[in-house]
Amino acid sequence: MKKILAFLLFTTLLIPAFAQTENAVNKTVSEGFESNYNADNFEAIFASFSTEMQNALPLEKTKEFLTGLKSQAGKITGREFLKYEQTYAAYKTTFEKAVFQVNISVDANSKINGLFLKPFAESTAPKVERNTSKLVLPFKDEWTVIWGGDTKELNYHVQSAAQKNAFDLVITDSKGKSFKTDGKTNEDYYAFGKELTAPADGEIVLVVDGIKDNKPGVLNPVYVPGNTVIIRTSNNEYLFFAHFKQHSIKVKQGQKVKQGQLLGLCGNSGNSTEAHIHFHIQNVEDMNAATGVKAYFDKVMVNGELKTDYSPVQKEKIRNAGK
């Protein structure tokens, strides 16, 4: 088994990483891999490889590897999607004789351009279903939920392990518009420059500042969260804010903050097309290793009605009770 693992890891070093594909594509490709593997249809698996992958792992070597894996581990009897690791979709994969984490990367043409196995190890990260700290909304006035909820129709973030319970919020007017005139400048957006505050007491564990705000409609894929603040509560919930305005963050790493304390100003930095708040809770600090935690707010006005211990959803207008 060690020979198999070392061989796969070696071949992946020869394969360039490409952009992460959508969940639906990974699902189709991984299902095809499992079906063809169990049916000994190794030529079909080879045909599903990108050109770079085929050059790194020619047909005969592909057959040799898969035959060896099959003889030692057996057929695949179960597979569970875990998370994305850079360009790879990671799966807990149960074979007849072993359990591996199988990572598959897919290119823009739906071809496998990266593949490796490693022994599966259960995560030691804490499992947190929801916040226990009492939270208030991190802003004044009324904001509108653009993305929020538990389904992909309500919240595109659900496909990300860390961000699956995230919210994106803007300020809208009576006509539902998030900008005053033509939306061509950041200053034209109601949310741009608005104060963002701490939802709970905690410690600042990460600050990223200095990233330029985008022109509306233009994304910055280099650092997706843009200017960022993460707060760790006393219950080890990591409150994650993204897309602050450049040079507006007022807190520093290691600083203790109180609920309602100013963090910075809403901006349009990172993977953002307009000024908005991205907020989610995760179970550990590192977003690449984290699992999202559902966020409930203690008392919140939702479309003018008081809700307690509530998690907002798409299209709702929300503000703190008594504000």
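Two strands are taken to pair if DSSP finds at least two bridges between them, and strands (E, at least two residues) and helices (H or I, at least four) are DSSP runs numbered from the N terminus. The model is predicted, with pLDDT of at least 70 required for local features and 80 or more for side-chain atom pairs, while totals for chains, interfaces and linings use all residues. Residues are numbered from 1 along each chain as its sequence is written, and side-chain values use heavy atoms, without hydrogens and water.

Strand β3 spans residues 99-106, and seven of its eight residues are buried (under 20% relative accessible area, 1.4 Å probe, protein chains only). Seven bridges join β3 to the antiparallel strand β2 (residues 88-95), with Val 99 of β3 as the bridge partner of Thr 94. Three residues separate β2 and β3 in their hairpin. Strand β4 (residues 112-119) also runs antiparallel to β3 and is joined to β3 by seven bridges; here Phe 100 stands opposite Pro 119. Five residues lie between the strands in the hairpin of β3 and β4, where Ser 110 takes a positive phi near 65°.

A cavity is a set of points on a 1 Å grid over the protein atoms alone where a 1.4 Å probe fits but cannot get out; lining residues have an atom within 4 Å of a point. Volume is the space filled by probe spheres set on the points, which are joined across faces, edges and corners. The largest cavity has a volume of about 50 Å³. Its lining includes Tyr 91, Val 102 and Ile 104, and β2 supplies the largest share, three residues.

Terms used: Buried means under 20% relative accessible area, exposed over 50%, partly exposed in between (1.4 Å probe, protein chains only). On a 1 Å grid over the protein atoms alone, a cavity is a set of points where a 1.4 Å probe fits but cannot get out, and a pocket is an open set with protein on both sides within 12 Å along at least five of seven lines; lining residues have an atom within 4 Å of a point.
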